[in-house]
Amino acid sequence: MKTCFPCCTGITFRLSLLACVLGLSLAAANAATNKKPVLLSQATNTRAVAFESVSMKAEPFPLTASLPMGNDLRTRICIFAMDLELLPGEGANAFTSDVQDASGKIYPLRVEFVGQVPNFPGITMIIVRLADDLGDVGDVLLRLNLHGMSSNRVRVAIGHSGGGPADDPGAVATPAPPTPPGADQPLVPDPYTGPASEADTVRFLEQASWGPTPSEIARVKAMGFKAYLDEQFGLAPTNTAKGSNYPDLTFPLDDSTQQCPTSNPADPNYNQNVCFRDHYTMYPVHRTFFSNALYGNDQLRQRVAFALHQILVVSANSEVNRPSWMTIYLQALDRNAFGSYRTLLNEITLTPAMGEYLDMRLSTRTNPNENFAREVLQLFSIGTDVLNPDGTAQRDAQGATIPTYSQADVNEFTRVFTGWNFATAIGAGITNFRDPMLPRGGQNHDAGAKTLLNGFSIPACSSPNGAANIACAQSDMTAVMNNLANHPNVGPFISKQLIQHLVTSNPSPAYVERVARVFNNDCNGLYPQGCTNTRGNLRFVVQAILLDPEARGDVKTDPNYGKLREPAQYITGFLRAFNPKSFDKSTTSDGVLGGRSSTDFTGSLDQPIFQPTTVFSYYQPSYEVPGTKILGPAFGILSTTTTLRRANNINTLIFNGVSANTSPTAASPDRPRGTSIDISNLEALAGNPADVVNALDALLLHGTMHPQMRTSIITAMNAINDANITTRHQKRARTAVYLVATSSQYDIQR
Amino acid sequence: MAITRRDFLRSSACAFGSMALASSIDTFGVVHALTPQAASDYKALVCVFLNGGNDGNNMFVSLDQYNGPAGSTVEGYSNVRAASGLAIAQASLLPVSPVSGGSYGFHPNMPEMQNLFNQGKLAVLCNNGPLVEPLTRTTYQNGAGKKPMQLFSHSDQIGLFQTAIANNVSQTGWAGRLADRTLGLNGAATFPSNVSIAGINLFLTGVDTRQLAVADSNTTLANVLQLNMSGSASEQASRLVAFNDLRTLDNNFKLVKAASDTRSSSIQTDNALSSVNPTLATVFPNTSIGRQLKQVALLIKACTDPAAGINMKRQIFFTQIGGFDHHSAEINGQINLLTQVSQAISAFYAATVELGIQDKVTTFTMSDFGRTFQPAGTGVNAVGTDHAWGNHHLIVGGAVLGHTLYGTYPILRLGGPDDTDGGTNPRGRWIPTTSVEQYAATLATWYGLSTADLPAVFPLINRFSTANLGFLA
């Protein structure tokens with residue numbers, strides 16, 4: 001750990017003084033992970049122990065440094081904290097900080113330095129940089145976050161003293177203890193081999209599955225998270241030959257009018273609409289997706305594959321609109337979800353669906369098409385900015401981000417990907433959307449020398465013609481996959497997005513860095529058991545994401561923590577929590593959630609499954625929630641329209657269910673069984689509304705329900721006074737489920 | 001920081017406690033005195049975003065450059081585009097003779113645009129795109145000039161068009177910042193000024209301005225934001241009390257608060273729209289963009305109908321049509337999409353005439369980028385184009401000084417003076433001769449943005465020779 005203190009050499013004396021004079025001691029440190037950091041204050045109030053960096057001056061702090069160092073003139077201030085449980089090597093990028101002014105506005109502060117105070121091993125000094133848009137606002141409340149846990153807030157004067165927001169409810173002075181505390185113990189990662197707490201189990205299943213069910217909570221709580229992960233990594237999917245849950249589908253004739261004529265005298269049960277639905281719409285794929293989400297055992301593979309789909313996008317909202325074609329792509333995602341990133345990238349690149357979607361199959365030496373080359377760089381592998389290992393953008397001397405590639409690079413990559421096409425037709429009139437694409441031969445691949453990224457070059461091939469051209473296309477493909485998969489950006493770029501999809505939209509850079517290190521080498525993590533010094537091992541990446549200290553714990557208090565449940569997760573999570581069944585409750589749901597098209601329960605929320613608008617997916621990982629300065633990717637599709645539809649869809653599921661329907665035909669209906677939920681267990685508790693609310697608090701909010709939320713829901717339940725006790729209890733339970741499931745508190749997975 | 005009227009409205013809308021409301025009253029008195037006078041007239045900007053990057057080279061063709069030098073493969077429209085099957089036959093282009101000179105042809109499926117052009121209600125802005133500062137081929141290639149960030153990338157270029165800030169990632173769009181600065185023009189009206197019919201977008205997001213997003217005209221305005229609750233009236237009423245109460249809790253968690261704020265905005269707007277029922281005689285095409293623009297026309301009618309009590313004076317709308325990323329199959333793709341664009345914009349203009357506000361509504365196109373002049377692929381069913389830069393845009397309305405071109409039409413030569421590309425295989429990516437900021441500033445000035453506020457909305461505008469391209473009266 002660094003021992004230099006750019007801030008204040010006189011700190012020792014001042015802290016000694018505090019330590020001698022002050023009497024209030026803090027509670028003994030808790031051995032559990034995710035302790036709350038404690039920021040030190042004065043003896044009798046919440047005003048921070050704080051100094052301006054370098055100048056050592058006390059508050060009020062000027063906006064521009066008294067003794068500026070370097071070009072950045074902004075003031076830095078030193079604050080002091082206790083009870084930090086850091087992983088070995090963890091430093092400033094594990095922390096986030098913010099201040100709030102009297103008007104309620106919140107300003108993020110950059111944490112620039114963290115180090116022990118000399119002779120006070122249990123006290124840590126932290127240097128934060130004042131935000132650029134912070135003015136002379138007077139008192140602010142300052143907070144520090146570590147591993148998703150928020151500190152107490154201490155008062156700091158910016159510009160002038162006074163004014164400022166009221167102290168937080170229950171805030172007390174947190175002076176240094178009279179006896180200097182011993183060094184904080186380093187955080188020892190929990191092996192998660194033993195039983196888990198109920199609250200963290202619920203949180204874990206929100207991250208690792210399509211949503212906790214009462215039976216899975218009990219089971220996973222008992223077996224522990226490590227055993228659950230090992231089970232999930234080992235579970236065979238239903239289509240074992242393809243390593244996927246998606247069954248193989250028949251490849252229809254390209255011409256739908258031939259495949260599905262108006263009538264077929266040979267088949268008495270023939271129906272054109274059924275034929276069209278099953279071969280030319282996403283209906284069969286959607287049913288598989290939702291049925292597996294509701295009932296499948298390999299939940300983690302499904303969540304990871306869906307996340308990967310949103311990174312390596314093929315959309316059926318395009319020419320790739322046949323379910324059999326999309327199935328090959330979806331099978332590749334499933335098959336490699338816990339495998340090698342390089343293999344995944346390679347297989348997806350050569351999937352006919354991708355070849356069609358981003359036009360690589362059309363690209364030849366004389367008619368190059370740069371669509372795939374550009375998107376494989378920007379979206380599927382390295383992104384547009386050169387990244388630090390912790391996922392933050394590197395910056396040049398002027399503070400500008402540094403592009404990872406130029407148009408010239410795109411041109412070179414375009415040449416590498418020339419000369420590929422579909423394999424031989426499956427049959428007459430059936431384009432081969434099944435097998436990996438193959439080189440065209442002839443002179444279609446550009447056989448000249450090429451320069452890829454980071455100075456890597458490919459020499460010209462021996463001959464531009466025929467078999468040599470085919471071999472050249474293949475060797476170039478191997479080279480370009482190596483060049484991309486080994487680029488240092490891939491680890492942080494892919495890891496951060498997977499964290500955002502599974503755990504939280506705003507991971508600390510330190511969290512991204514820990515996961516990216518595992519991406520770079522699967523032995524470089526907190527859980528190396530069974531590792532093989534492999535790069536891009538997604539199984540270990542997923543494990544690192546889910547067992548990280550920033551992911552785990554019963555509760556997270558960092559105000560930036562969590563993610564908006566995207567529609568697929570919101571709808572399936574709700575159903576899984578309440579025992580989803582067929583409409584008549586006699587059997588299972590048919591997995592058809594609403595209409596057949598983009599108007600279903602997730603499509604109406606702007607997430608039509610596997611049919612995003614563009615290659616940029618349903619929403620972008622960089623989407624910032626307006627007015628917050630924090631990321632909230634799924635907020636990109638939470639509009640004034642979809643917010644009400646979220647509530648309305650839940651209303652339908654609770655009060656109506658999705659009825660079976662018999663179109664197009666009774667023999668092959670769209671919705672043979674329909675969908676409903678079963679909340680009879682909650683209805684049985686409804687004699688005492690508080691019991692229902694407690695059960696929902698545990699199941700949906702892992703025990704974080706605000707007391708007034710509880711009161712409001714119970715009041716609404718008690719307003720229902722039907723004389724018939726069965727009716728009364730049913731209505732009360734439904735009201736409670738509606739209010740919790742439609743709340744913003746449940747919208748956000750925290 | 002001065003507290004704006006919007007701050008007051010937002011805080012009072014959020015503050016269910018009477019204490020908080022009472023303490024805001026004093027502030028309101030002060031703020032009211034500072035609020036600019038509401039506008040006396042109505043004006044609206046309507047963006048039609050052609051998502052994916054429309055190939056303007058085939059939407060609006062220079063007939064003077066149709067045939068380049070005989071034998072050339074790098075210069076002239078047909079010389080470069082005909083062999084691959086991408087050139088549109090000269091006879092089928094819809095000819096126009098702009099006041100600014102020369103002869104040009106609209107895409108054959110845009111007769112409505114040709115018609116509006118000839119009526120003087122449509123102008124074409126040629127070779128426009130994001131710029132940090134004016135650039136030439138020389139300063140582009142030798143690095144002396146500053147380039148926009150992430151040229152040729154969809155997401156970034158959409159961002160640059162929508163934010164009009166070409167040298168940085170901005171979290172606000174130019175329409176959002178414009179609405180922030182012109183809030184006072186709407187007087188006491190509380191309806192959201194910025195409305196999307198195509199989902200959430202950066203364009204309408206301001207520092208303070210939040211967009212309303214509603215569905216297209218398949219849903220009536222009265223139902224467009226409806227919260228459906230089951231049960232008896234009394235059950236609904238008690239459930240709604242709790243439903244609303246929960247949004248006041250846990251606001252210290254920023255994402256929870258953001259979700260609550262979106263829903264609160266939706267419910268407030270629902271109340272404003274619940275009783276309106278505007279109708280139009282104008283027939284719109286039953287396409288997505290047609291229904292979106294119809295919904296805009298219906299909203300304008302409702303928001304300006306004194307009987308409805310919404311009383312808006314300034315509004316900005318966002319509509320979108322996707323599918324323009326024609327790396328392949330461009331010929332049939334553009335036939336389909338430009339037909340929809342032309343018919344929908346034409347119907348929308350007719351609706352503004354029906355409402356008697358055609359001089360008060362300006363419709364304009366934006367798109368990710370133009371496309372390479374040199375084709376990608378070959379064969380009329382396969383050929384397409386790749387990502388490029390400068391592009392042509394349409395501006396329609398009664399206030400438009402039409403029947404003419406603005407900006408400079410590029411010289412159609414691969415590796416020519418307007419092409420970014422050097423080397424042995426230049427693709428024809430035009431360096432814009434006017435910037436997105438100038439395009440947007442012209443629209444914003446007409447909308448009511450003061451000259452003094454121009455740099456606040458368009459931070460790079462002073463780097464360009466003029467902030468007003470002159471296409472609006």
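Colleague: How are α7(A) and α18(A) oriented to each other?
Modeller: This is a predicted model. Helix α7, residues 283–295 of chain A, packs against helix α18, residues 567–577 of chain A, at an angle of about 45 degrees. Angles under 35 degrees would count as roughly parallel, and 65 to 115 as roughly perpendicular. α7(A) and α18(A) are therefore oblique.

Colleague: What is the hand of the crossing of α7(A) and α18(A)?
Modeller: The axes of these two helices of chain A are 9 Å apart. The crossing of α7(A) and α18(A) is right-handed.

Colleague: Which residues make the contact, and how do they divide into nonpolar, polar and charged?
Modeller: α7(A) brings A:Phe290, A:Ala293 and A:Leu294. From α18(A) come A:Thr572, A:Leu575 and A:Arg576. The contact of α7(A) with α18(A) divides into 4 nonpolar, 1 polar and 1 charged.

Colleague: How are α15(A) and α16(A) oriented to each other?
Modeller: Helix α15 (490–502) and helix α16 (509–520) of chain A have axes that come within 8 Å. Their axes cross at roughly 120 degrees. The roughly perpendicular range is 65 to 115, and roughly antiparallel needs over 145. α15(A) and α16(A) are therefore oblique.

Colleague: Which residues of α16(A) does α15(A) meet?
Modeller: The crossing of α15(A) and α16(A) is right-handed. On the α15(A) side stand A:Gly491, A:Pro492, A:Ile494, A:Ser495, A:Lys496 and A:Ile499. The residues of the contact divide into 8 nonpolar, 3 polar and 1 charged. On the α16(A) side the residues are A:Tyr511, A:Val512, A:Val515, A:Ala516, A:Phe519 and A:Asn520.

Colleague: How compact is chain A for its length?
Modeller: Its secondary structure comes to 24 helices and 17 strands. The radius of gyration is 29 Å, close to the 27 Å that the globule rule gives for 750 residues. So chain A is as compact as a globular protein of that length.

Colleague: What share of the contacts in chain A with a separation of 6 or more comes from residues 24 or more positions apart?
Modeller: The C-alpha atoms of chain A fill a box of roughly 95 × 85 × 45 Å along the principal axes. Of its 750 residues, 54% count as buried. For the contacts you ask about, the share is 68%.

Colleague: Which element gives the largest share of the side of chain A that touches chain B?
Modeller: The contact takes 59 residues from chain A and 55 residues from chain B. On the chain A side, the elements that give two or more residues are α12 (371–381), α19 (640–655), α22 (707–718), α23 (725–741) and α24 (744–747). The side of chain A divides into 22 nonpolar, 29 polar and 8 charged residues. The largest share, 8 residues, comes from α19(A).

Colleague: Where is A:Pro60, which a cis peptide bond joins to A:Glu59?
Modeller: Omega of the bond between A:Glu59 and A:Pro60 is about 0 degrees. A:Pro60 is found in the loop between β2 (50–52) and β3 (76–82) of chain A.

Colleague: Where is A:Pro664 found?
Modeller: The peptide bond from A:Ser663 to A:Pro664 is cis, with omega near 0 degrees. A:Pro664 is found in residues 661–664 of chain A, strand β15.

Colleague: Is A:Asn119 buried or exposed?
Modeller: Phi of A:Asn119 is near 70 degrees, positive in a residue other than glycine. A:Asn119 is in the loop between β5 (106–117) and β6 (120–129) of chain A. The exposed class takes residues with 12 or fewer C-beta neighbours. A:Asn119 has 11 inside 10 Å, so it counts as exposed.

Colleague: Is A:Asp359 buried or exposed?
Modeller: A:Asp359 has a positive phi of about 70 degrees, although it is not a glycine. A:Asp359 is found in the loop between α11 (352–357) and α12 of chain A. With 25 C-beta neighbours inside 10 Å, A:Asp359 counts as buried.

Colleague: Which residues does B:Gln114 touch, not counting those up to four places away in sequence?
Modeller: B:Gln114 is in helix α5 (residues 111–118) of chain B. B:Gln114 has 20 other C-beta atoms within 10 Å, so it is buried. Its C-alpha atom is separated by 6.9 Å from that of B:Val96, 18 residues apart along the chain. The residues that B:Gln114 touches are B:Leu94, B:Val96 and B:Phe106.

Note on methods. Residues are numbered from 1 along each chain as its sequence is written. Chains are lettered from A and ligands numbered from 1 in the order in which they are written. This is a predicted model: local features need pLDDT of at least 70, side-chain atom pairs count only at pLDDT 80 or more; totals for chains, interfaces and linings use all residues. Helices (H or I, at least four residues) and strands (E, at least two) are DSSP runs, numbered from the N terminus. Two residues are in contact if their C-beta atoms, placed from the backbone, lie within 7 Å. Ala, Val, Leu, Ile, Met, Phe, Trp, Tyr, Cys and Pro count as nonpolar, Asp, Glu, Lys and Arg as charged, and the others, Gly among them, as polar. Axes are lines fitted to C-alpha atoms, for helices over the stretch in contact, and angles run from 0 to 180 degrees between N-to-C directions. A crossing is left-handed if the near helix is turned anticlockwise from the far one by less than a right angle, and right-handed if clockwise. The radius of gyration is taken over C-alpha atoms; the globule rule is 2.2 Å times the number of residues to the power 0.38.
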